[in-house]
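Please keep the sequence and the coordinates open while reading.

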Amino acid sequence: MTVSQPLLPYSRPIVDEDDIAAVVAFLRSGAPMTDGPAVDVFEADLAKVCGANEAIACSSGTTALHLMMLALGVKAGDQVIVPTVTFLATANAARYVGADVIFADVDPTTALMTPETFEAAIRRGTPGKIKAAIPVHMNGQCCDMRGIVAIAKAHNIAVVEDACHALGGTYPGNESVPVGGLPDVAGACFSFHPVKAFATGEGGAITCADPKLAETLRILRCHGMEKNYDDPVMKEFTHASDGTPNPWFYEMPELGWNFRLSDMQCVLGSSQLKKLPGWLARRAELMGRYEKALKPLAPVIQPIRRVGGNPGWHLNAVLVDFPQIGMERAHFVTRLKAEGVGVGVQYLPVHLQPYYQGLYGRQAFPGAETYYAKCVSLPLFPAMADADVDRVVAAVRKVSGL
Ligand SMILES: *Cc1c(COP(=O)(O)O)cnc(C)c1O
């Protein structure tokens, strides 16, 4: 088979000349390469976009989730509720601190954990042991956070949003609040991996409302080191006998990690972030064009259900009835690739992974399994042209025979 046109991937980052210039200028400046002022600037920029009091930059979306588990004191013997349709990292964060994962099912038309599937997961957990829940804003659409937070409050469960797909969006029924700016959750986690809304190579962040939690997160991302001269545990190490402070003093009351994001990456992040609104607007435009072009293919091929809000569209997930088109997904994907269209399948439900089956046995989540059987992510990135959308939909029609 010949590829007549260059492959359109399902996602691709944009690195502009001004991003490159910002990084080069930083490297020439001699500014600190880590722990420097560029981190504070990036954190302030991100907090503003998310309408949050605090943003804490870290080395990835995965370490953002891990830090939140640590900062909330989630530990061995505790339980954390995680929807099973997500990237591995959401569930793994609970395991890093020794907690057990209680998987929640998802809506088969959106892949979102709902108040109902959340409650069902709570019923399968152990009362008093469920310390946190991590709803995932799949594809860029947000979960019903009003419903989820109300249930979480009633059960004394902390809510950590996995917002790795949803930066720059708003909530359904709460359109004035940007994702990451909810005051009544513990915090929201973001990723700046190159497939996400903007890229720093690897990178991540947490936004939160509580300055004390932010302080804890910053200490944990840097080995657990504190410069606590006022109320130290190691009292005799802080000062000389005449009261002159020991400038090298630090102490580690709790075990921490090195999960920092470097200044060079923060400079790139601040530069990329300036363009986020334009990129998201372009993503929304492309989604609108897809929606129109895909209409004649319904109900065999159709977009995931729209829940409202202003999604920061990350993935363009469509649901395909493969038995109806008489083709297995692998063949559909291979033939689309031959037409120059790269697609993704997000995600294999996490409860089916051998590691999790080894821990909890084979569980059944009908919503997740239905979604997984149908989902395909078609190309979506801001540098796509309108003609690219038309080309993708034409290829989908050709391959599916619709
Ligand atoms: C990308 C992603 C992560 C992990 O982010 P990294 O920066 O790759 O560590 C976690 N959860 C979801 C839903 C993601 O898409």
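In strand 12, Ser377 is the bridge partner of Ala317. Strands, like helices, are DSSP runs numbered from the N terminus, where a helix is H or I with at least four residues and a strand is E with at least two. The model is predicted, with local features needing pLDDT of at least 70 and side-chain atom pairs counting only at pLDDT 80 or more, while totals for chains, interfaces and linings use all residues. Residues are numbered from 1 along each chain as its sequence is written, and side-chain values use heavy atoms, with hydrogens and water left out.

Strand 11 (residues 316–320) pairs with strand 12 in the antiparallel sense over four bridges; pairing requires that DSSP finds at least two bridges between two strands. Both strands belong to an open sheet of three strands, ordered 10-11-12, with antiparallel pairing. Its edges are strand 10 (301–303) and strand 12 (375–378), each of which pairs on one side only. On average, neighbouring strands of this sheet are turned by 35° against each other, direction ignored. Axes here are lines fitted to C-alpha atoms, for helices over the stretch in contact, and angles run from 0 to 180 degrees between N-to-C directions.

A second open sheet has seven strands in the order 1-9-8-5-4-2-3, and its pairing is mixed. Strand 1 (54–58) and strand 3 (100–104) are the edge strands, each pairing on one side only. From one strand to the next, the twist averages 25°. Helix 7 (residues 211–220) packs on this sheet and touches strand 1 and strand 9, its direction making about 15° with that of strand 1. Contact means heavy atoms within 4.5 Å.

Strands of a sheet pair through backbone hydrogen bonds, either parallel or antiparallel. Strand 8 shows both senses: it pairs with strand 5 (residues 158–162) in the parallel sense over three bridges, and as residues 187–191 it pairs with strand 9 (residues 204–208) in the antiparallel sense over four bridges. On the strand 9 side, Cys189 has Ile206 as bridge partner, and Phe190 has Ala205.

How many residues of strand 8 are buried? Five of its five residues are, where buried means under 20% relative accessible area, exposed over 50% and partly exposed in between, with a 1.4 Å probe and protein chains only. Gly187, Cys189 and Ser191 point one way from the strand, whereas Ala188 and Phe190 point the other way.

Thr90 lies in helix 4 (residues 88–96). It counts as buried because its relative accessibility is 0%. Leaving out residues up to four places away in sequence, Thr90 touches Leu65, Val82, Ile134, Val136 and Asp162.

Two packed helices are described by the angle between their axes and the distance between the axes. For helix 1 (residues 17–29) and helix 8 (residues 263–273), the axes come within 9 Å and cross at roughly 150°. That angle makes the two helices roughly antiparallel; the cut-offs are under 35 degrees for roughly parallel, over 145 for roughly antiparallel and 65 to 115 for roughly perpendicular, the rest being oblique. Helix 1 contributes Asp18, Asp19, Ala22, Val23, Phe26 and Leu27 to the contact, and helix 8 contributes Asp263, Met264, Val267, Leu268, Ser271 and Gln272.
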